[in-house]
Amino acid sequence: MSKKLLNLLLVFMMLAVLVPTTLAAPPAQEEGQDYVVVADDWLSKLADKYLGNPFAYPAIVHYTNQKNAEDASYAEITDPDLIEIGWKIYIPSAAEAEAYAPPPPPAEALELADTLYVFNWADYIDEDLVTDYEEEFGVTVVYDTFDSNEDLLAKLQAGATGYDVIFPSDYMVAQMIEMEMLAPLDFNNIPNFANLHDFTTDPSYDPGNVYSVPYYWGTTGIGYHADVVDPPPDSWVWLFDPEIACQYADGGINMLDDQREVIGAALKYLGYSINDTDEAHLMEARDLLLAAKPCWKTFDSSGYIDNLMIPGEVVLAHAWNGDVFVAAEENEGWTYVMPKEGGIIWQDNMCVPATSTGLSKRTAEHFINYLLDAEVAGQNTNYIWYASPNKAAEPYIEPEILEDPAIYPDEETMVRVEWLEPLSGEALAIWDRVWTELKVE
Ligand code: SPD
C-alpha cells in the first residue's frame, strides 16, 4: 500500500472514531466517576452546572492536566477556561461534596483579638463549636457561665467588665439598654443576621435589634421522669401543693435558682400575671412558695441537667424545656410539659457589653456571626435541644427536634404563655424581698 493511501486510511479511521464522539452530548453526570473531556460543549455544560457556585451540589469538580493519565492527581477547578479537550474531569459523590468545606479566608484578612471573653447560661452551647472557632480563627475563647439574668446583671454591676459577648433574656436586654450597659451592634460584621426568622427579630424589648441578636427561644414548665411520676403532671400543683409535691420529696424535686421564674410560676398558678406587682398577690405567692419549699431538694439552674441525668437523683423539676431533653438523652424517661395554668416564654440573645470596644467588640460580632451560620446553628440546636430562631439552620436540625411541640410549641400552648417584663423601683424591691425570704428561710 502506498504511503499516500495509508495516510488517507488513517484519516478515515480517525474520523470514524472522532465524529460520533464529538457530536455526542455529555454523558449523564453520575457521581464518583471520571470523564475524559472530548468536546467543548461538555465543558460549558459542566461548568455552567457546577462551577462558581460553592453552594450547589456537587460543589467540587476536579481535573487533571495530564491527558488521560492513569495516575493523575486532581485539583479543584477554579477557571473553566483552563480545561482542554483530553483532560479528565471527576464529579464527586454527594458525601464528598458535603464533606467539602471552602478554605477559611487567610488569617491576615481578618483582624481579630487574641482572646474573646464569653458569659453564657450553663449547658447552652455545643463546646465543639467553641473549639472549632478557636482553631479556625486563632482566637482563644474564655468561657464563663451564670445562673440567671439577675446573676448576670449583678456580676456585671459588681465589676465583671471584661466580657465581650453576653446572653441576656428578653426583659433583661430591655433593662440593660435602659441602664446603658449594651453596645450598639455593627451589622456589617453580622451578615448572618439574615438567616433569622422574621418572627424572632425586631422584638419589643429591642426594637430594630440595635443591641441584640436572638440566640435561642423556649418555655419554662415542668420536667418529670415518667417512670416515677405517674400520672403525668399537668399543673403547677405538682410543685406547689405540698400534699402532692411532698410525695416526690424522696425522689427529688429541683427548682430553678431564678427569682423571676420561681415567683412568676407561683403567680401563674395563683391565676395572676407573671409580671404582677401587687404586693398582696406577691405575699400570696411567697406563702405558697414557703409552704412548698420543704418538699424541694434543690434550687439549681446551672448543674441541674447533670442531676437529672443521674437515675434517682431528681424525678420532678421546674425546668427550661431544652434542658429536659438533653437529660433524656442520658436518662431515658424524662419529658416536659407546659402546665395547664400556663408558664413563661422567653428568647435569649447575644449582646456586646458597652465595655467591650475596638478589636474586642469586632471579635465579639465575628463570634456572634459564626453562631448564626446555618450549619453551626443547626449543630448547636441538635446539641442543646432548644428552638432555634435560625431559619437557614432548619435543614441541619434533627426532625425529632423540629417536630416536637414541647420544643416548638403549638398554638394551643402559645396562648397560655407570657413574656417577662422588666421590673424596677418599688415593685422590684418587693420581688427581691420575696426571693430573699424564700432563699434564707
Ligand atoms: N441551660 C440553659 C438554658 C437557658 C434558658 N434560658 C433562660 C430563660 C430565662 N427566662
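Let's start with strand S5, which is mostly covered: 5 of its 7 residues are buried. Do keep in mind, as we go, that this is a predicted model.

So who sits beside S5? Strand S5 belongs to an open sheet of 3 strands, and the order is S6-S5-S7, with parallel pairing. The edges of that sheet are strand S6, residues 140-146, and strand S7, residues 165-166, each of which pairs on one side only. If you'd like to find the contacts on your screen, begin on the S6 side. There, 7 bridges join S5 to S6, and the two run parallel. Look for Thr 115, which stands opposite Thr 140 in S6.

Next, please look at strand S13. How many of the residues of S13 are buried? It's 7 of 8, in a strand that covers residues 343-350. Strand S8, residues 213-225, runs antiparallel to S13, and 7 bridges join them. Strand S14, residues 417-419, runs parallel to S13, with 3 bridges between them. Thr 220 stands opposite Ile 344 of S13, and in S14 the bridge partner of Ile 344 is Glu 418.

While we're around S8, let me point out Tyr 224, which lies in that strand. Is Tyr 224 buried or exposed? Tyr 224 is buried, because 26 other C-beta atoms lie within 10 Å, and 20 or more is what we ask for. Tyr 224 and Ile 253 are 29 residues apart in sequence, while their C-alpha atoms are 9.3 Å apart in space.

Helix H10 takes in residues 279-292, so to speak 14 residues in a row, and it reaches 20 Å from its first C-alpha to its last, close to the 20 Å expected at 1.5 Å a residue. Its buried residues are Leu 282, Ala 285, Leu 288, Leu 289 and Ala 292. Looking down the axis of H10, you'd see those buried residues within an arc of 120°, so they line one face of the helix. Why does that kind of spacing work? An α-helix has 3.6 residues a turn, so residues three or four places apart point the same way. On the face of H10 turned away from the buried side, you'll find the exposed residues Ala 280 and Asp 287.

Helix H17, residues 425-440, has 16 residues and reaches 23 Å from first C-alpha to last, close to the 22 Å expected. The buried residues in H17 are Trp 431, Val 434 and Leu 438. They cover an arc of only 60° around the axis, which puts them on the same side of H17. The face turned away from that side carries exposed residues, including Glu 426, Thr 436 and Lys 439.

Finally, the ligand. Which residues surround the ligand? They are Trp 121, Ala 122, Asp 123, Tyr 124, Ser 169, Glu 261, Trp 320, Asp 323, Trp 346 and Asp 348. This shell divides into 5 nonpolar, 1 polar and 4 charged residues. And where does the ligand lie? Domain 2 (114-214 + 348-404) and domain 3 (218-345 + 417-440) both give residues to the shell, so the ligand lies between them.

Technical notes. Residues are numbered from 1 along each chain as its sequence is written. This is a predicted model: local features need pLDDT of at least 70, side-chain atom pairs count only at pLDDT 80 or more; totals for chains, interfaces and linings use all residues. A residue is near a molecule or strand if its C-beta atom, placed from the backbone, lies within 6 Å of it. Ala, Val, Leu, Ile, Met, Phe, Trp, Tyr, Cys and Pro count as nonpolar, Asp, Glu, Lys and Arg as charged, and the others, Gly among them, as polar. Domain bounds come from an automatic or database domain assignment. Two strands pair if DSSP finds at least two bridges between them. Helices (H or I, at least four residues) and strands (E, at least two) are DSSP runs, numbered from the N terminus. The expected span of a helix is 1.5 Å times one less than its number of residues. A residue is buried if 20 or more other C-beta atoms lie within 10 Å of its own, exposed if 12 or fewer, and partly exposed in between; C-beta atoms are placed from the backbone. The arc is that of the directions from the helix axis to the C-beta atoms.
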